[in-house]
Amino acid sequence: MLEWLKQPGFFGTHATLGADISQLMATLFTGLFIIGWMQARRRQADAHHWLMLGGMVTMLVFFTNYYLFRQLGVLAVEGKEGFGGSQALYDHVFIPLLTLHILLVIIGLVMAVYMIVLGFRAQAFEQGKRRLGDVTLLTSWGKIGKIFGGITAVILLLFASRVASAGFSSRKLMVYLGLLLLIAIVFSVEITIQRIWPNAERRHRVLGRFTMIIYCVLFVTGSVTYTMLYILYPGKIG
Ligand code: HEM
């Protein structure tokens with residue numbers, strides 16, 4: 001399967017099949033989310049709910065599986081071996097762009113989960129019609145502690161089962177600790193966000209727009225990376 005993904009892609013560039021599948025899916029998901037955004041702006045709340053919920057869950061399942069399967073960091077490795085441009089271009093354009101892209105990927109994945117939860121928490125029904133609730137949505141410290149404790153327990157269980165089946169490695173420990181740290185950061189940022197936009201409707205609209213901007217920039221940085229790597233400056237690969 002890994003070998004299969006390494007054969008030439010279908011866009012006719014220097015990219016592998018794996019890179020083309022990834023680019024195609026990124027284009028489809030970005031298009032889908034922009035449609036979902038337009039639905040929200042047109043107050044088609046029900047259609048927006050189903051499209052965003054279905055789209056985001058599918059995207060999360062696809063990309064996490066896909067990148068875990070292709071082994072994390074493959075993009076950076078391919079970049080190093082496959083970039084055929086000058087060293088200056090590599091150092092001052094390609095690497096900063098790739099770093100920004102990966103950073104946005106992490107923020108984008110976190111925001112996908114966050115927005116789904118916020119969508120459910122913020123929605124209200126008026127005569128059977130879905131809309132955002134004009135209510136204050138504040139989570140107490142006690143509740144946050146309980147949720148974070150629960151997530152920590154699940155992550156520890158996952159870690160323990162991975163160690164039992166595949167053995168301990170300090171890299172694995174770092175990955176799981178990193179995940180816990182990321183979740184802790186998300187919770188503390190969320191506390192701040194709650195203070196700034198306590199109103200459910202306002203928070204969903206503001207953070208929804210922020211998420212959509214992240215996805216658009218994500219798509220642009222990803223496409224420029226693809227263009228540099230597989231069209232403008234192809235290297236050894238392809
Ligand atoms: C997962 C990613 C999501 C994103 C990025 C997102 C984004 C947005 C944005 C930007 C708006 C405001 C549109 C505007 O005024 O410009 C909005 C409105 C809304 N969203 Fe979401 N949303 C998401 C998920 C959800 C989910 C899962 C639900 C329901 C559970 C939901 C329910 C709503 C509702 C009811 C509105 C109000 C629409 C109206 O004004 O009638 N959203 N969303």
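Student: Is H101 buried or exposed?
Tutor: In this predicted model, local features need pLDDT of at least 70 and side-chain atom pairs count only at pLDDT 80 or more, whereas totals for chains, interfaces and linings use all residues. Residues are numbered from 1 along each chain as its sequence is written, and side-chain values use heavy atoms, with hydrogens and water left out. A residue is buried under 20% relative accessible area, exposed over 50% and partly exposed in between, judged with a 1.4 Å probe on protein chains only. H101 has a relative accessible area of 12%, so H101 is buried.

Student: Which backbone oxygen lies 3.4 Å from a polar atom of the side chain of H101?
Tutor: H101 is placed in helix α5. A polar contact is a pair of N or O atoms within 3.5 Å; within protein, one must be able to donate a hydrogen and the other to accept it, and residues adjacent in sequence count only if both atoms are side-chain atoms. At 3.4 Å from the side chain of H101, the backbone oxygen is that of L218.

Student: What pattern does the protein follow along the sequence?
Tutor: Helices (H or I, at least four residues) and strands (E, at least two) are DSSP runs numbered from the N terminus. The protein has 8 helices and 2 strands. Their order along the sequence is α-α-α-α-α-β-β-α-α-α.

Student: What share of the residues in the protein is buried?
Tutor: The C-alpha trace spans about 60 × 45 × 35 Å along its principal axes. Of the 238 residues in the protein, the buried share is 36%.

Student: What share of the contacts with a separation of 6 or more comes from residues 24 or more positions apart?
Tutor: Contact means heavy atoms within 4.5 Å. Among the contacts in the protein with a separation of 6 or more, residues 24 or more positions apart account for 68%.

Student: Which residues does F120 touch, not counting those up to four places away in sequence?
Tutor: F120 lies in helix α5 and counts as partly exposed because its relative accessibility is 43%. L53 is 67 residues away from F120 along the chain, and their C-alpha atoms are separated by 9.7 Å. With residues up to four places away left out, F120 touches H49 and L53.

Student: Which residues is I144 in contact with, leaving aside its neighbours within four places in sequence?
Tutor: I144 is found in helix α6 (residues 141-166), and a relative accessible area of 8% makes I144 buried. L103 is 41 residues from I144 in sequence and 25 Å away in space, C-alpha to C-alpha. Apart from neighbours within four places in sequence, the contacts of I144 are T139, F187 and I191.

Student: What is the relative accessible area of R203?
Tutor: R203 lies in helix α8. Not counting residues up to four places away in sequence, R203 touches Y114, L118, R121, L137, E190, I193, Q194, W197, P198 and G208. R203 is buried, and its relative accessible area is 0%.

Student: Where is R43 found?
Tutor: R43 is not a glycine, yet its phi is positive, at about 65°. R43 counts as exposed because its relative accessibility is 55%. R43 is found in the loop between α2 and α3.

Student: What is the relative accessibility of Q127?
Tutor: Q127 also has a positive phi, near 50°, in a residue other than glycine. Its place is in the loop between β1 (123-126) and β2. Q127 counts as exposed, with a relative accessibility of 83%.

Student: How many residues surround the ligand?
Tutor: A residue is near a molecule if one of its heavy atoms lies within 4 Å of it. The closest residues to the ligand are H48, H49, H204, R205 and R209. The elements that each supply at least two residues of the shell are α2 (17-41), α3 (45-69), α5 (87-122), β2 (129-132) and α8 (200-232). The number of residues surrounding the ligand is 21.

Student: How far is an oxygen atom of the ligand from an N or O atom in the side chain of R205?
Tutor: A polar side-chain atom of R41 lies 3.1 Å from an oxygen atom of the ligand. For an N or O atom in the side chain of R209, the distance to a ligand oxygen is 3.0 Å. For R205, the distance is 2.8 Å.
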